[in-house]
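I opened my notebook to keep track of one structure. These are my entries, in the order I looked things up.

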Amino acid sequence: MKTKSHLIIVGRIGFDEKGKPRGEMARELVAECKKADLPHTRVDEVPFPVDIPEDSHVVYLSKAGRFPNVLVECQKREFPIIIASSDSGIQIPTDVTIPIVKAPNLGLLILALFDVLPRLGQLAQILDARSLCAEGHQEDKTSPPVTMQKIAAMFGIQSEMIGSLRNNVLAELFLGIPRNKTNGFGHHLLVSEALGVRLKIEFETLGRSAYFYGLQMIRQKMEEREPNLLPGIYEGYKLVFPPDPFQQELIETNRAITAELTKLRLELHVALIAKK
């Protein structure tokens, strides 16, 4: 998946006090960019180097505390931002002057689930289904399980009821995660049961290369829409996938009804004035 723009990867790479690697997502994206021969620059923080090309995209992987300064820098230099950090504390002002794309999970099939699961979760709650969910990740993951939290909310499951696993040995034994992938994986399971029917949805991400493919597809869609991609906040999956035709039909129907009601109100207003 080739893109024309330069990529700025904002995320630190290093080790913690125990010698464990940190910044694995940034490290993986740098490696994938090198393999694909894509122009990129990795930075820890702002200000960015002055020689970075004007047609750059920024992917933000860091914590919430660093985001305000990065946002100021990007707005000053008119760099669109893709927020791929799972830090739920990141606050995005509504009056941004650049496009900002929210993509806390860059796995494409997982993005697709975000598009179709909300309606299923709504119907499951109407049926008073009993829904449970759990997730497993590499044992050094310290950020919240944002993907599972989003899916849980769709089915009315409270965050504190999400089961979690952070043990690489158990992940290999019970989840079947290959040993060479236990340093970076995601396993998600949802079960919903109602009226004699048991629905099970299970998916895994093995390694972080999937996130590179998702990032590239989002960037491709951004490039296709530029320069008509206006400042504002976008959901990553809505940029990647075409709108649901049924939903579009509902939107158009609602617009037509609204226009007709507006016309009738105006005609009624004119008639009342005429009577006076």
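What follows is what I found, entry by entry.

**Ground rules.** I am working from a predicted model, where local features need pLDDT of at least 70 and side-chain atom pairs count only at pLDDT 80 or more, while totals for chains, interfaces and linings use all residues. Residues are numbered from 1 along each chain as its sequence is written, and side-chain values use heavy atoms, with hydrogens and water left out.

**The whole chain.** I began with the overall layout. The chain has eight helices and 12 strands; helices (H or I, at least four residues) and strands (E, at least two) are DSSP runs, numbered from the N terminus. Its C-alpha atoms fill a box of roughly 85 × 60 × 30 Å along the principal axes. I then looked up burial, where buried means under 20% relative accessible area, exposed over 50% and partly exposed in between, with a 1.4 Å probe and protein chains only. Of the 276 residues, 40% count as buried. For contacts I used heavy atoms within 4.5 Å. Among contacts with a separation of 6 or more, 68% come from residues 24 or more positions apart.

**The largest pocket.** Next I went looking for holes. The search runs on a 1 Å grid over the protein atoms alone: a cavity is a set of points where a 1.4 Å probe fits but cannot get out, a pocket is an open set with protein on both sides within 12 Å along at least five of seven lines, and lining residues have an atom within 4 Å of a point. Grid points are joined across faces, edges and corners, and a volume is the space filled by probe spheres set on the points. The largest pocket has a volume of about 930 Å³. It is lined by 38 residues, and Met25, Leu61, Ser86, Lys141 and Ser143 are the closest to its centre. Strand E3 (21-22), helix H1 (24-36), H4 and E10 each give two or more residues to that lining. I sorted the lining into 13 nonpolar, 16 polar and nine charged residues. For that sorting, Ala, Val, Leu, Ile, Met, Phe, Trp, Tyr, Cys and Pro count as nonpolar, Asp, Glu, Lys and Arg as charged, and the others, Gly among them, as polar.

**The largest cavity.** How many cavities of 30 Å³ or more are there? I got one, and the largest cavity has a volume of about 30 Å³. Its lining is Lys102, Ala103, Pro104, Leu111, Phe114, Lys150, Glu235, Gly236 and Tyr237. Five lining residues are nonpolar, one is polar and three are charged. I also checked two of the lining residues as a pair: Lys150 lies over the face of Phe114, at 5.2 Å from the ring centre. The test wants NZ of Lys or CZ of Arg within 6 Å of the ring centre and within 35 degrees of the ring normal.

**Helix H4.** Which residues of H4 (146-154) are buried? I listed Val146, Thr147, Met148, Ile151, Ala152 and Met154. They pack against H3, strand E8 (130-137), strand E10 (185-194) and strand E11 (197-206). Just after H4, Gly156 takes a positive phi of about 75°.

**Leu189.** This one sits in strand E10 and is partly exposed, at 25% relative accessible area. Leaving aside neighbours within four places in sequence, its contacts are Leu132, Cys133, Ala134, Met148, Lys200, Ile201 and Glu202.

**Val101.** I found Val101 in strand E7 (residues 99-102). Is it buried or exposed? Val101 is buried, with a relative accessible area of 0%. Beyond four places in sequence, it touches Ile81, Ile82, Ile83, Ile218, Met222, Tyr234, Glu235, Gly236 and Leu239.

**Aromatic pairs.** Rings of Phe, Tyr and Trp (its six-membered ring) pair if their centres lie within 6.5 Å; planes under 30 degrees apart are stacked, over 60 edge-to-face and the rest tilted. I counted four pairs. Tyr60 and Phe67 make an edge-to-face pair, 5.2 Å centre to centre with 75° between the planes. Tyr60 is buried at 0%, and Phe67 is buried at 1%. Phe212 and Tyr213 are edge-to-face too, at 6.0 Å and 65°. Here Phe212 is buried at 5%, whereas Tyr213 is partly exposed at 41%.
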